[in-house]
Amino acid sequence: MKKIFFLIIIFLFSEFSAQEKIILWPKGEMPNSKILASKIKKKKELAKLKEVELFAFLPPVKERNQKSVIIIPGGGYSKLTYDEGAFQIAKWMNTLGISAFVLNYRLPTSSDLVQKEIAPLQDIQASIKYIRKNASQWGISPEQLGVVGTSAGGHLATLVSNISKDFTELKGDWETISSIPNFAILFCPVIDLGEYAHKGSRDSLLGENVSTEKISEFSTQNLVTDKTPPTILFHNQDDTAVPPMNSILYFKAMTKNKVKGALFIFPKGGHRFFVTDKDPLNQNWKKLCADWLSSIGNK
């Protein structure tokens, strides 16, 4: 069977982890691409195609437990904010012995996409499948894989937590691998695309003249069921970009469906949670998150 993914190890190192770059979708096989679907493919067009990547941050083997996370950066579905909420969190996860993978996913604003709103979902689903299939090479468990989403990345994390339909188009034994994560961690997540929407995220994902039906379909509080994985949410009361009602609505749906989890709303901090935050109250998110991760098992 043709190999679906390629692994490229690059030379970048950090204090806590060696970073690897994993390339998803080999050239010519990425789904949902107008250029690749075209019978006439120009070299200049092919060169413009975005590569979907996972940046792996691995703790030392002796300190590594079997948990892992995929970190999904925010950016309003129009850019990706790695430094603000992804790489920092990945390195912090390593201090807990948790392996972390930061996802560089396709944005729905790309002109190459056939169906723009499903491209980010295809990429995170494929990433989950890839890590589960190759978990043994990192010494992690395929059944202890979570997602961490910040802002619009939180929206994508909740989509993949609740949508069981496989959009990856991967065939063979890939079809038997679940794309639903085992748990989720959300920071200031975009959840509601209606009354409490972050307009930029909604417009980038669905377009400016979107129907009320589509808004409801992609407001992820409406997707929660008793199958939704355990989820912890962090938000700030003074977040004016993504109102805290987003997290409240999701947690309310979790409670209704008896999904295990927790919600913490801090009085100030705006639209951010940084590992380096020195605020005496907000910095407690790290202990709360670490304790919650331990409570759901740490083998």
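Strand β8, helix α10 (residues 245-256) and strand β9 form a β-α-β unit that is right-handed. The model described here is predicted.

β8 runs parallel to strand β9 (residues 261-266), and six bridges join the two. β8 also runs parallel to strand β7 (residues 183-187), to which four bridges join it. I232 takes part in both pairings: its bridge partner in β9 is A262, and I232 is itself the bridge partner of I185 in β7.

## Burial of β8

Strand β8 covers residues 231-236, and six of its six residues are buried, so the strand is largely enclosed by the rest of the structure. In a regular strand, side chains alternate between the two faces of the sheet. Both faces of β8 are covered, with T231, L233 and H235 buried on one side and I232, F234 and N236 buried on the other.

## Nonpolar core

The largest nonpolar core has 87 residues, and the members touching the most other members are I70, M93, F101, I124 and I185. Leaving aside residues up to four places away in sequence, the contacts of I70 include L54, F101, L103, I124, I128, I131, L145, V147 and V148. S127 and G146 are also among the residues that I70 touches.

## Helix α8

Helix α8 (residues 199-206) is mostly covered, with six of its eight residues buried. These are S201, R202, D203, S204, L205 and L206. The elements covering them include α7 (152-162) and α9 (212-217). Just after the helix, G207 has a positive phi of about 95 degrees.

## Salt bridges

Side chains of opposite charge can pair when their charged atoms come close. The model has nine salt bridges. One of them joins K21 and E53, at 3.5 Å from N to O. K21 is in strand β2 (residues 18-24) and E53 in strand β3 (residues 52-58), so this pair ties together parts 32 residues apart in sequence. E53 is buried, because its relative accessibility of 8% is under the 20% limit.

Helix α5 (residues 119-133) and the loop between α7 and β7 contribute K129 and D166 respectively, a pair 37 residues apart. Their side chains meet in a salt bridge at 3.1 Å, N to O. K129 is buried at 1% relative accessibility, whereas D166 is partly exposed at 31%.

K133 and D173 form another salt bridge, with their closest N and O atoms 3.2 Å apart. K133 lies in helix α5 and D173 in the loop between α7 and β7, so the pair ties together parts that are 40 residues apart in sequence. Both K133, at 35%, and D173, at 39%, are partly exposed. Salt bridges with shared partners also join E117, K214 and E217 into one network.

Definitions and conventions:
Residues are numbered from 1 along each chain as its sequence is written. This is a predicted model: local features need pLDDT of at least 70, side-chain atom pairs count only at pLDDT 80 or more; totals for chains, interfaces and linings use all residues. Side-chain values use heavy atoms; hydrogens and water are left out. Buried means under 20% relative accessible area, exposed over 50%, partly exposed in between (1.4 Å probe, protein chains only). Two strands pair if DSSP finds at least two bridges between them. A crossover is right-handed if, with the strands pointing away from the viewer, the path from the first strand over the helix to the second runs clockwise. A nonpolar core is a set of buried Ala, Val, Leu, Ile, Met, Phe, Trp, Tyr and Cys residues joined through side-chain atoms within 4.5 Å. Contact means heavy atoms within 4.5 Å. A salt bridge is a side-chain nitrogen of Lys or Arg within 4 Å of a carboxyl oxygen of Asp or Glu.
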